[in-house]
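Biologist: I have a model open and would like to learn how to read it. Could you walk me through a few features?

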Amino acid sequence: MDKNCGEFFLNWAGAFQAGVEAAGGKGWNLGRLERYGFNVPTGGCLAAKAYRSFIETNNLLEDVEKITRNVTTGNIGDMEIEQKLFLLREKIIAGHIPSNVRDELENNLRTAGILEKPVAVRSSATAEDSGKASFAGIHESFLNVRGLDNILSAINECYASLWTPRAVSYRRKMNVKDDEVIPAVVIMEMVEAEAAGVGFTCDPRTGQEFIILISANYGLGESVVSGAIEPDEYRLDLTFEITQKRIGRKEGKTIAQKGGGTEFVESAGSAAGQVLSDENIRRLGMLIQRVFDALGSGEQHQDVEWVFDGKDFLLVQARPVTALPRYTFDEIKNQPDIWSNANIRDAAPMVQSTLNWSFFRLSEKFRDNTNDGLDYKIPPGLRYIRLYQGRAYLNMSMQQWILYDAIGITPRQINEGMGGHQPEIEINEKKPCRGIKGCKRLGRLVKIFFRGLKIIKSVQKSFDRVDNFTKGLLKENFKGLTEKELIDKFTEIKSVYIEYYPVFLSCVFCANMDSLIKTLEKYFPGKGKAYANTLMAGRGDIPSAEQGYRLVELAETARGDSAARRFFSGDNYHPLLWEKELPEESPFKQSFRNFLAEYGHRGVYEMDIINPRWRGDPSYPLNVIRSTMETADLGKIRARQKEKADEVWHEINHKVPFYRRGSINRFLKQAVKGMGIREMSKSVLVKISELMRLVFQEMGRRLAERGILAEPADIYHCTCSEIFSILQGDWDGRGLNILVAERKVRRKEMEALSPPDLIVDEAPHFAEPAARGQGNALTGIGVAAGRASGTAKIISHPDEGEKLRAGDVLVAPSTDPGWTPLFLRASAIVVETGGFGSHGSIVAREYGIPAVVNIPGIMTIIKDGQSITVDGDEGKVYL
């Protein structure tokens, strides 16, 4: 038998291995905490099997079965039922623990060194502290229990508490069967508590997330948990800064009595002080966040009981928060939360790395800063994004409401701009711009318009500041820094990120073609959008498009460079050897160095920090150059763009009065510049992300050297709170390698799952495949003008780009800037998701390549090698 697992008594490792069915919710969670390196008092768990043996030995099975059969929600308060429950409890309290259970318990407590020490004896039912039901305060616990006989008596009392009217009523209310709640019993050493309390990774009263809430009092935590006093209350944000402190009256405290048990002692002046110092509040906040990361996987909020012995914090319980109030706008509370992958699937369709999600959660708090000056109140700390099976989803109910209520953009317009297959929320108003509300919305729209103009004029300064900062740090040697200096360097980068992130979000308002489209629509009904798309081609300074142009130029350079041709055509071609194999005089080598200096911070699916950047691994752009070297022709691309634009200008000059042409040109310039700013804002954000990646790589190297991680790359499977707890000396890293290994397995399992398109409240929904319409056509959103036919190539990831030949139609699940080098090889583009304002759409318009997006099921409807026609004007794909 495993040394961790006796027949009846489990130490913490055994409790984890045996699981909830044996150790109960509390025991299993304590086993998990100990496994992942948290400081847990010495102890273990008397398994649920011991209770079954107890019931059989004391001939109580029939009594239990009668209660199970006869007690219902309707009669739980009857005197007769309460009497029967009382008699059952009395029999349990008077019963005796079987001798084999008693002997094993005694031996294990002696081996653990706590048999003669004061211990806590706490119920740990098999359905307790679970995601379904917490059973908080339902079953009994006993503190400061001394000696084996008293421990055995406390165990009997824990067993009996299963049959109080309160416990039975709770089970009936929660639809939990009696035989699903079998009591195990946690027995752990008492901590000499200077202070104690509870902590939450959310506000359980309001439902607000992105905060850590701590309640604290002197002495044992019983006074806090029972609500006997008004404790101190501390609030922290996710950077562990204290945002609010309320010093409670702390009318008294619970202390351990010398002879056993506890007593409540009224305060005598000491209650006025702050229980924990600010430094310890931050330490505790980071510890509670680590519980959320480890036990809650960064998704399920946690309720944590802690004890402070004057030096260290120990955890005595952790359980999921099971009933978090819904935190949203009152106007949409009667409608479900609709979570959609929408245009987030463009940038981050993959299972999020642990590190990326950990840092991304910090970004959510910065959204509140983008509403300044608009006279529209958004409740702070709303949850705009969540994970489901490891992938990110946007709260589109909330997005639709905010944009409608603030500036009158309809849900239909929002869905068209952002893509996704979500329904529209219900809005009672028929005209968003009527009445007082409508006037306010128009006023905000005007403010946003002028804000956009201001951003266009001033944003380059923000871009330059970040650019100069990143260039300076790229020259630094992080290996030479002390760990404190490395943390300081991360803090410096984070500060730049925090300052820049609202600028990044505000740049979304710059990318607006509405004025151009509406003006063209007046003179060319039904063609305004198509004409606007055509005029945009080849006009913008769009980084994600420019990198594609540069790769075409590099392919042309390589074609005329004999050394480059030998390198790319060699039998032993390996992209990572380009620096070594190409001579210094190679024109291609010099040009490619310049390319990496400008675009080396980018990568495929670059919004996840786990994915390599081209500066560190240029395989992808080199492979694109290799596959296009013989056919690259930038002049031909430019000529095609000009020819199409000239055709539209000819129509404009023929039909639009001369005094209106100036406004078309002005709106076109604004739209082009706005799109460029939007794309540049993301490019600049990725520059900061690259620096963070370099810092975390160095941290990973150090943790691997110390044996805390198996390899440096495991840093991407850690959270910020875990990494900095180790580097700051608050944690020795014990158990992190186990946690990382489990996360890597879970990541692979989630990657194998097909992600749903929507989560409605908590239910996954897959969009129905698009139905074929008239002419055997599939309808989506036309985002780039023109019509083209070709052979469809189903490309699931940019790494498969070599399958795409010149003139083929690229069919993809989603596209981020890393895909765009493939665009120039395609005659047209079809994408399963995305909207008018997504990155792929912006680049397709710039290149002048017909594109239709947001067709559900397109990856399976279209067959690889099938001939199709793409009409970007009508938003249709003909099969």
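Modeller: Gladly! Let's begin with strand pairing: two strands pair if DSSP finds at least two bridges between them. In general, strands of a sheet pair through backbone hydrogen bonds, either parallel or antiparallel. Keep in mind that this is a predicted model. Here, Thr791 has Ser867 of E25 as its bridge partner.

Biologist: How many bridges join strand E21 to strand E25, and which way do the two run?

Modeller: Five bridges link strand E21 (residues 787-794) with strand E25 (residues 867-871), and the two are antiparallel. Both belong to an open sheet of eight strands, ordered E19-E26-E25-E21-E22-E23-E24-E20, with mixed pairing. At the edges stand strand E19 (777-779) and strand E20 (781-784); each has a single partner strand, so one side of each lacks a neighbour in the sheet. From one strand to the next, the twist averages 30°.

Biologist: Which strands does H29 touch?

Modeller: H29 packs on the sheet and touches E20, E23 and strand E24 (851-853). The direction of H29 makes about 50° with that of E20.

Biologist: Let me try a single residue. Where is Glu832 placed, and is Glu832 buried or exposed?

Modeller: Look in the loop between strand E23 (828-831) and helix H29 (839-847). Buried means under 20% relative accessible area, so Glu832, at 12%, counts as buried. The side chain of Glu832 makes a polar contact of 2.9 Å with that of Arg345. Beyond its neighbours within four places in sequence, Glu832 also has contacts that include His421, Ala812, Asn854 and Met859.

Biologist: Now the cysteines. How many disulfides does the structure hold?

Modeller: A disulfide is a covalent bond between the sulfur atoms of two cysteines. This structure holds zero. Take Cys45: the closest cysteine sulfur, in Cys158, is 11 Å from its own, which is too far for a bond. Cys45 is buried at 0% relative accessible area, and Cys507 is buried too, at 0% relative accessibility.

Methods
Residues are numbered from 1 along each chain as its sequence is written. This is a predicted model: local features need pLDDT of at least 70, side-chain atom pairs count only at pLDDT 80 or more; totals for chains, interfaces and linings use all residues. Side-chain values use heavy atoms; hydrogens and water are left out. A disulfide is a pair of cysteine sulfur atoms within 2.5 Å. Buried means under 20% relative accessible area, exposed over 50%, partly exposed in between (1.4 Å probe, protein chains only). Helices (H or I, at least four residues) and strands (E, at least two) are DSSP runs, numbered from the N terminus. A polar contact is a pair of N or O atoms within 3.5 Å; within protein, one must be able to donate a hydrogen and the other to accept it, and residues adjacent in sequence count only if both atoms are side-chain atoms. Contact means heavy atoms within 4.5 Å. Axes are lines fitted to C-alpha atoms, for helices over the stretch in contact, and angles run from 0 to 180 degrees between N-to-C directions.
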